[in-house]
Amino acid sequence: MKNKYFGLLILSLVMISCSSTISTAKKEYKIVQASKLKSNWNFNSKEWLLKKDTLIGTGGPMHWGVIESKKKLSKNYEIEFRVNMTKGSLFEIMLNIDKEQYIRTYLYNIDQNIVIGKGVYKEGSDEYEKRGGPTLFNKPMKLENDKWYSVKIRVTNNQLYFSVNNEKTLECSIEKSNLSQQGKLGFLTDGEIKVIDLKIKSIE
């Protein structure tokens, strides 16, 4: 009987490790080791690094720093983390990246807004038309450099919820807004950002 349970445990761990999604309903994903960063994410090591428990990204106005997961997000998921835009004006959470298309959810301190938009990202290109995209929904929010913000994103039944500090929330229908319905996760910055307490979990 013990061997049977042990076998089931090993099988479940193998299935999780071979999963095509970042996390499963039973296992929450967290960035915990620098060695695991390369195995789970695509990025330029000069632009992104994990220092202790902090993910640090750097970019510039002409070359945005991007990190992209190797696995897809599940169809229904929840993402939570805290972010500090120490430099620059833009921090973007790239959702459902698929064939250069993605959902833009971002903090923009020039316009003082949080935003949901439709994005395009062509890897390796800094051409203006090959990155970013139009705003679909926005909400005013005071945003400052060198200040921590709590971000929560939830996608269930093709409905997207994006909130910052539990005080400002945007939501939209992914399908009705003609947005990418499934794909990978990414982060983008035009300055310097720090991300801590990142948790990604699938929702059954």
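These legends accompany several close-up views of a predicted model.

**View 1. Strand S14 and its two partners.** Let's begin with strand S14, which spans residues 184-189 and is mostly covered, with five of its six residues buried. Strand S4 (residues 65-72) pairs with S14 in the antiparallel sense over five bridges. To find your place along this pairing, look for isoleucine 67, whose bridge partner in S14 is phenylalanine 187. Strand S6 (residues 90-98) also pairs with S14 in the antiparallel sense, again over five bridges. Here a handy landmark is methionine 94, which has glycine 186 of S14 as its bridge partner.

**View 2. The largest nonpolar core.** Which residues touch the most other members of this core? Among its 41 residues, they are Leu107 and Phe187. Strand S5 (residues 77-87) provides the largest share of this core, five residues. Another core lies apart from it and has ten residues, including Ile97, Tyr106, Tyr121 and Leu188. As a general background, nonpolar side chains tend to be buried together in soluble globular proteins.

**View 3. The surroundings of leucine 107.** This close-up leaves aside the neighbours of leucine 107 within four places in sequence. Its contacts beyond them include Val83, Met85, Leu90 and Phe91. Tyr149, Val151, Phe162 and Val164 are also among the residues in contact with leucine 107. You will find Ser89, Ile114 and Leu143 in the contact list too, together with Asn113, the residue of the next view.

**View 4. Asparagine 113 in strand S8.** Asparagine 113 belongs to strand S8, which covers residues 113-121. Is this asparagine 113 buried or exposed? Its relative accessible area is 11%, which is under the 20% cut-off, so asparagine 113 counts as buried.

**View 5. Two asparagines with positive phi.** Asparagine 157 is not a glycine, yet it has a positive phi of about 50°. Asparagine 157 is found in the loop between strand S11 (148-156) and strand S12 (159-164). With a relative accessible area of 71%, over the 50% cut-off, asparagine 157 counts as exposed. Now move to asparagine 166, in the loop between S12 and strand S13 (168-173). Asparagine 166 has a positive phi of about 55°, although it is not a glycine either. Asparagine 166 is exposed, with a relative accessible area of 71%.

**View 6. The second largest pocket.** This pocket has a volume of about 270 Å³. Its lining is made up of 18 residues, and those nearest its centre are Glu47, Val66, Tyr121, Glu123 and Gly124. Strand S1 (41-43) and S4 are the elements that give two or more residues to the lining. Which element gives the most to this lining? That is S4, with four residues. By class, the lining has six nonpolar, six polar and six charged residues.

**View 7. The cavity.** The structure holds one cavity of 30 Å³ or more. The volume of the largest cavity is about 30 Å³. Lining the largest cavity are Lys75, Asn76, Val155, Asn158, Ile174 and Gln181. These lining residues divide into two nonpolar, three polar and one charged.

How values were computed. Residues numbered from 1 in each chain as written. Predicted model: local features only at pLDDT ≥ 70, side-chain atom pairs only at ≥ 80, totals over all residues. Heavy atoms only, no water. 1 Å grid on protein atoms, 1.4 Å probe; cavity = no way out; pocket = protein on both sides within 12 Å on 5 of 7 lines; lining within 4 Å. Points joined across faces, edges and corners; volume = space filled by probe spheres on them. Nonpolar A, V, L, I, M, F, W, Y, C, P; charged D, E, K, R; others polar. Buried < 20%, exposed > 50% of the residue type's maximum accessible area, 1.4 Å probe, protein only. Core = buried A, V, L, I, M, F, W, Y, C linked by side-chain atoms within 4.5 Å. Contact = heavy atoms within 4.5 Å. Pairing = 2+ DSSP bridges.
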